[in-house]
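Here's a quick briefing to read alongside the model. Keep the 3D view open and click along as you go.

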Amino acid sequence: MAENPLLPHRKLQELFTILSRARVLEKKQRTPFGREAVLAATTIHLEAGDYLSSPLSDKPAELLGPARKSPASYADEATRLPLAAATARGLQLTGDRIALAYTTAGEKAQGWEDALTIAQTERLPFVLCVVDATAGRGKAASKALTWPALETLCRKLQMPILTVDGDDAVAMYRAMQEATLRGRTTLGPCVIWAVVTPAATKLTPSQTPLGRLKRYLAARNISRPQ
């Protein structure tokens with residue numbers, strides 16, 4: 001099978017390595033849903049000088065992100081996302097750097113409306129990655145970040161939302177690739193809405209993000225890093 005120039009074999013092998021590491025880190029942290037494909041496929045696109053914003057307790061994101069001089073996760077959750085957008089404004093002046101922020105659907109996520117409004121108004125290099133593991137849950141908490149609320153705001157702002165299977169590392173890679181390209185070429189911000197499997201769901205090894213990537217590589221005769 002011919003090599004895809006937008007997703008070369010070496011990048012797929014690198015993605016496999018990062019995904020394996022993310023899986024270990026997630027197990028240590030006991031995250032209540034599978035984020036390893038989301039973490040691997042987004043952080044692989046970050047470069048030195050990019051900014052990654054995650055909750056204070058999110059050690060896997062901190063360890064997988066680019067090296068930084070000061071913590072990117074120090075802010076209170078009420079101000080973290082607007083601060084990430086404000087940081088993107090500073091990065092906009094330095095060239096082709098981007099800011100990536102993680103948040104979770106179905107929970108009280110403060111400041112995301114302000115962050116997206118600022119980012120779109122100023123055409124900032126800002127990516128908001130929302131991890132959605134709400135399948136099978138009851139009613140969302142009051143003032144929670146939900147798909148209808150986000151869709152309404154993004155339609156008003158005319159901001160793109162990339163919906164993706166968050167358990168599919170390749171699909172996540174392509175979504176982040178598009179988001180990164182927008183940010184680095186002054187096209188502005190966007191949202192990635194990644195739907196992942198809740199932890200309570202029983203998956204066979206081949207259904208896990210790592211198992212799915214193994215099958216993808218095998219189908220293309222791409223060797224896996226040891």
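A residue counts as buried when its relative accessible area is under 20%, as exposed when it is over 50%, and as partly exposed in between (1.4 Å probe, protein chains only). By that cut-off Thr180 is buried, because its relative accessible area is 7%. Bear in mind that this is a predicted model, where local features need pLDDT of at least 70, side-chain atom pairs count only at pLDDT 80 or more, and totals for chains, interfaces and linings use all residues. Residues are numbered from 1 along each chain as its sequence is written, and side-chain values use heavy atoms, with hydrogens and water left out.

**Thr180 and its surroundings**

- Thr180 sits in helix 7 (residues 169-184); helices (H or I, at least four residues) and strands (E, at least two) are DSSP runs, numbered from the N terminus.
- Which residues does Thr180 touch, not counting residues up to four places away in sequence? They are His45 and Ile98, where contact means heavy atoms within 4.5 Å.
- Leu46 is 134 residues away from Thr180 along the chain, yet their C-alpha atoms are separated by 8.5 Å.

- Two packed helices are described by the angle between their axes and the distance between the axes.
- Axes here are lines fitted to C-alpha atoms, for helices over the stretch in contact, and angles run from 0 to 180 degrees between N-to-C directions.
- Helix 1 (residues 9-29) and helix 8 (residues 209-219) have axes that come within 10 Å and cross at roughly 160°.
- That makes helix 1 roughly antiparallel to helix 8; angles over 145 degrees count as roughly antiparallel, under 35 as roughly parallel, 65 to 115 as roughly perpendicular and the rest as oblique.
- On the helix 1 side, Leu12, Leu15, Phe16, Leu19, Ser20 and Arg23 take part, and they meet Pro209, Leu210, Leu213, Lys214, Tyr216 and Leu217 in helix 8.
- Sorted by class, this contact of helix 1 with helix 8 has nine nonpolar, one polar and two charged residues. Ala, Val, Leu, Ile, Met, Phe, Trp, Tyr, Cys and Pro count as nonpolar, Asp, Glu, Lys and Arg as charged, and the others, Gly among them, as polar.
- Helix 8 has buried residues, including Gly211, Leu213 and Tyr216, and its buried residues pack against helix 1, helix 2 and helix 7.

**Helix 2, well covered**

- How many of the eight residues in helix 2 (residues 36-43) are buried? The count is eight of eight, so helix 2 is mostly covered.

**Helix 5 beside helix 6**

- Helix 5 (residues 112-121) packs with helix 6 at an angle of about 20°, with their axes 11 Å apart.
- That makes helix 5 roughly parallel to helix 6.
- Trp112, Glu113, Leu116, Thr117 and Gln120 come from helix 5, and they meet Ala149, Leu150, Leu153, Cys154 and Leu157 in helix 6.
- The residues of that contact divide into seven nonpolar, two polar and one charged.

**Two spots in helix 4**

- Pro82 lies in helix 4 (residues 80-92) and touches Gly111, Asp114 and Ala115, not counting residues up to four places away in sequence.
- Leu91 is in helix 4 too, and it is buried because its relative accessible area is 11%.
- Setting aside neighbours within four places in sequence, Leu91 is in contact with Gly49, Tyr51, Arg97, Ile98 and Ala99.

**An aromatic pair**

- The structure holds one aromatic pair. Rings of Phe, Tyr and Trp (its six-membered ring) pair if their centres lie within 6.5 Å; planes under 30 degrees apart count as stacked, over 60 as edge-to-face and the rest as tilted.
- The rings of Trp147 and Trp193 have centres 5.3 Å apart and planes at 75°, so the pair is edge-to-face.
- Trp147 belongs to helix 6 (residues 147-157) and Trp193 to strand 5 (residues 190-195), 46 residues apart.
- Trp147 is partly exposed at 29% relative accessible area, whereas Trp193 is buried at 4%.

**Positive phi values**

- Most residues other than glycine have a negative phi.
- Thr186, in the loop between helix 7 and strand 5, has a positive phi of about 65° although it is not a glycine.
- Asn221 follows helix 8 and has a positive phi, near 55°.
- Thr186 is exposed at 66% relative accessible area, and Asn221 counts as exposed at 73%.
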